[in-house]
Amino acid sequence: MTALVELKNVTKVIKGKKIIDSLSFTIQKGEVFGFLGPNGAGKTTTIRMIVGLMKLTEGDIVICGHSIQKDFEKAVSQIGAIVENPEMYKFLSGYENLQQYARMQKGITKARIDDVIKLVGLSERIHDKVKTYSLGMRQRLGIAQSLLHDPKILILDEPTNGLDPAGIKEIRQYIRDLAEKEGMAVIVSSHLLSEMEMICDRIGIIQKGRLINVQSVHDWEEDDREAYSIEVNDSETAAKQMAAAFPKTRVKIAGGRLSIEAEKEQIPAVISLLASKNIKIYEVKQLSKTLEERFLEITEKQEAVS
Amino acid sequence: MVRLIQNEWIKIFKRPGTYVMIGLLVLMAGTFAGFTKYDESKQKEAKNWQQIVKAENAAYEKQIKEGYDLSKDRKEYLQGLIKVNEYRLEHNVPADTKTTMLSFVEDGSELLSFAGLFMIIIAAGIVASEYTWGTIKLLLIRPISRTKILFSKYAAVVLFGLFMISVLFLVSALIGAILFGASGEAVHLAYEGGKVIEQSMFLYLLKVYLLKSADVFMLATMAFMISAVFRSSSLAIGISLFLLFIGTNVTMLIAIKYEWAKYLLFANTNLLQFENGRVLVEGMTFGFSLAVLAGYFIVFQLLAFITFAKRDVAA
């Protein structure tokens, strides 16, 4: 595996404030990397530095062997990107917008423009003015624009934003294909965490300008501790009994229900304990832990440590 | 680079506002021509040109004799006019007694500040709009240095200015030909180095248009700089138009009292002042003005290019 993007101790100071604090990570060929973090954590700032919209205070970003600082033109020619919203010239048609970008890079033929349009499914409306486009269509046009020059690295900020469910599925498949078949490195940022889980191979969590965790999505899924919700007649007593019998298990009372975190094998023991203490059990439900909860878990833990 | 300028050109001409500007300019030239025609129709039958020229010369001579505060340059200029008129009588080169196509084109140069106004509007928006539209992000992640992008934008502004000036020139010629007939003197008489020489009228008009455009080009450059530095087209338009309309007058007021006024931008934008000998501050020359203008130009461009290339794009 070869690293296409390499961040080395990237630091950004704006007005004396450290927005990004020595961020280092690499993104490999054929990999979809998810960039996750609460608002204001520095996701967009990092993306802006990768594409050269912002200067680095310290450190370096190397793209396909070219430093973004010393060799901007060569480095950035390997990148296709949408930064935040795909803003286009509204008074031009979709096609004219693509022509604008095609003129700025060598070797983009008319056939290539047509291919890309077909790829994102905009053939029918491409000659309409962009101001008549829906957000989803603008998103597609944005992706078309980022793919025009056949880059090795694709950076998409909120790629499924404003798309309908069919569109989301299509883009998701499309991103996977680009990584797997074309060997592109894709960097995605999204606030839809479940979305990330489906698209990404690895997810990097950034908080307060620091990378606090990089995990492969595969690892996350192997966590076998699950949350269960138990409906009982007397949750207070039940909680006390649980705490006495299973001191290692986390027990909470939420909305009159018992909420515990346990392995699947422990559940029969929990049920027989509660039954033996004459507590009426109405329902035991497994709560599948969402990526969101796991994400919050990691970020909360990190805050507790620091 | 050509393709970058082409991009900017397309962005200018795909907006309806641009056509409104061209339309207004044409309308203004038409109205101006209409008024000139109306004015002329009220005048009595013109006398023959010899009489007019003789009367003119008498007036000039009176001015030279009685005007004590006339500068040396001004006197020379008036003397030149007399020489030209004498040349006309001697060689039977008739002067225009009424408006002709070519003389209307010369009058049309009064509308240059409107062509300039539109050029300033384009200059003020060409960088700032990209920020407002948010398209600056997609523009600056291309493998093209920011210097080249900014240069292509400035080139597009200059081309647009030249385009508007050509429109004014051609429309004036066309309307002039329709209303006043395609006649007129094809020869311009100039007084140079103590001699009267015959020049091509077309070249003379070209020179007038270019010299008169100096101020709008400088203001457009300033608007461009403000646009690139502050990313605000309204600020750029506001400051530039304010200066376009009052700059010259304020500079003249300052020039009455202070000699340093000659270093101000607007003391030097009127390059025609060296033709008619009415310089703002004694001792200014054409070369001096060009040097001052070049100085301002370099400062404006440095400010624009340095801030544009260094800025973090966070919009």
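User: Okay, which strands does helix α5 of chain A lie across?
Analyst: Helix α5 (residues 135–147) of chain A lies across β6 and β7 of chain A. Its angle to β6(A) is about 165 degrees. Keep in mind that this is a predicted model.

User: And what does helix α1 of chain A lie across?
Analyst: Helix α1 (residues 43–50) of chain A lies across β3, β7 (153–157), β8 (185–189) and β9 of chain A. It runs at about 150 degrees to β7(A).

User: In what order do the strands of that open sheet of 6 come?
Analyst: The order is β6-β7-β8-β3-β9-β10 in chain A, and the pairing is mixed. The edge strands are β6 and β10 (210–216) of chain A, each of which pairs on one side only. On average, neighbouring strands of this sheet are turned by 15 degrees against each other, ignoring direction.

User: Can you zoom in on one pair? In what sense do β3 and β9 of chain A pair?
Analyst: Strand β3 (residues 32–36) and strand β9 (residues 202–207) of chain A pair in the parallel sense, over 4 bridges. If you want a spot to look at, A:Leu36 stands opposite A:Ile205 in β9(A).

User: How many bridges hold β1(A) and β2(A) as a pair?
Analyst: There are 8 bridges between β1(A) and β2(A), in the antiparallel sense. Along that pairing, A:Leu7 stands opposite A:Phe25 in β2(A).

User: And how many join β1 to β4 in chain A?
Analyst: Strand β1 (residues 3–14) of chain A is joined by 5 bridges to strand β4 (residues 58–63) of chain A, and the two run antiparallel. There, A:Thr11 has A:Glu58 in β4(A) as its bridge partner.

User: What do β4(A) and β5(A) form?
Analyst: They form a hairpin, with 2 residues between the strands. β4(A) and strand β5 (residues 66–67) of chain A run antiparallel and are joined by 2 bridges. A:Ile63 stands opposite A:His66 in β5(A).

User: What about phi of A:Cys64?
Analyst: Phi of A:Cys64 is near 50 degrees, which is a positive value in a residue other than glycine. A:Cys64 sits in the loop between β4 and β5 of chain A. With 19 C-beta neighbours inside 10 Å, A:Cys64 counts as partly exposed.

User: Now A:Asn9. Where is it found?
Analyst: A:Asn9 is in strand β1 of chain A. Phi of A:Asn9 is positive too, near 45 degrees, and A:Asn9 is a residue other than glycine.

User: Why does A:Asn9 count as exposed?
Analyst: Because A:Asn9 has 12 C-beta neighbours inside 10 Å, and a residue is exposed if that count is 12 or fewer.

User: Let's back up a bit. Which domains does the assignment give for chain A?
Analyst: It gives domain 1 (3–221) and domain 2 (226–288) of chain A. The centres of the two domains, taken over C-alpha atoms, are separated by 45 Å.

User: How many residues does the contact take from chain A and from chain B?
Analyst: The contact takes 24 residues from chain A and 20 residues from chain B. On the side of chain A that touches chain B, α2 (72–76), β6 (79–82) and α3 (94–103) of chain A each supply at least two residues. The largest share, 3 residues, comes from α2(A). That side of chain A divides into 13 nonpolar, 6 polar and 5 charged residues.

User: Switching to chain B: what does UniProt list as "transmembrane region"?
Analyst: The unreviewed UniProt entry lists residues 20–38, 111–133, 154–182, 202–228, 235–256 and 286–309 of chain B. In the model, residues 20–38 of chain B are 100% helix and 0% strand, with the end C-alpha atoms 26 Å apart. Residues 286–309 of chain B are also 100% helix and 0% strand, and there the end C-alpha atoms lie 34 Å apart.

User: Last one. Is B:Gln43 buried or exposed?
Analyst: B:Gln43 is exposed, with 8 other C-beta atoms within 10 Å. B:Gln43 is in the loop between α2 (16–42) and α3 (49–66) of chain B. The C-alpha atoms of B:Gln43 and B:Leu271 are separated by 33 Å, and the two residues are 228 residues apart along the chain.

Note on methods: Residues numbered from 1 in each chain as written. Chains lettered and ligands numbered in written order. Predicted model: local features only at pLDDT ≥ 70, side-chain atom pairs only at ≥ 80, totals over all residues. Pairing = 2+ DSSP bridges. UniProt positions renumbered as here; feature names shortened; annotations may be inferred. Contact = placed C-beta atoms within 7 Å. Nonpolar A, V, L, I, M, F, W, Y, C, P; charged D, E, K, R; others polar. Buried ≥ 20, exposed ≤ 12 C-beta atoms within 10 Å, placed from the backbone. Axes fitted to C-alpha atoms, helices over the stretch in contact; angles between N-to-C directions. Domains from an automatic or database assignment.
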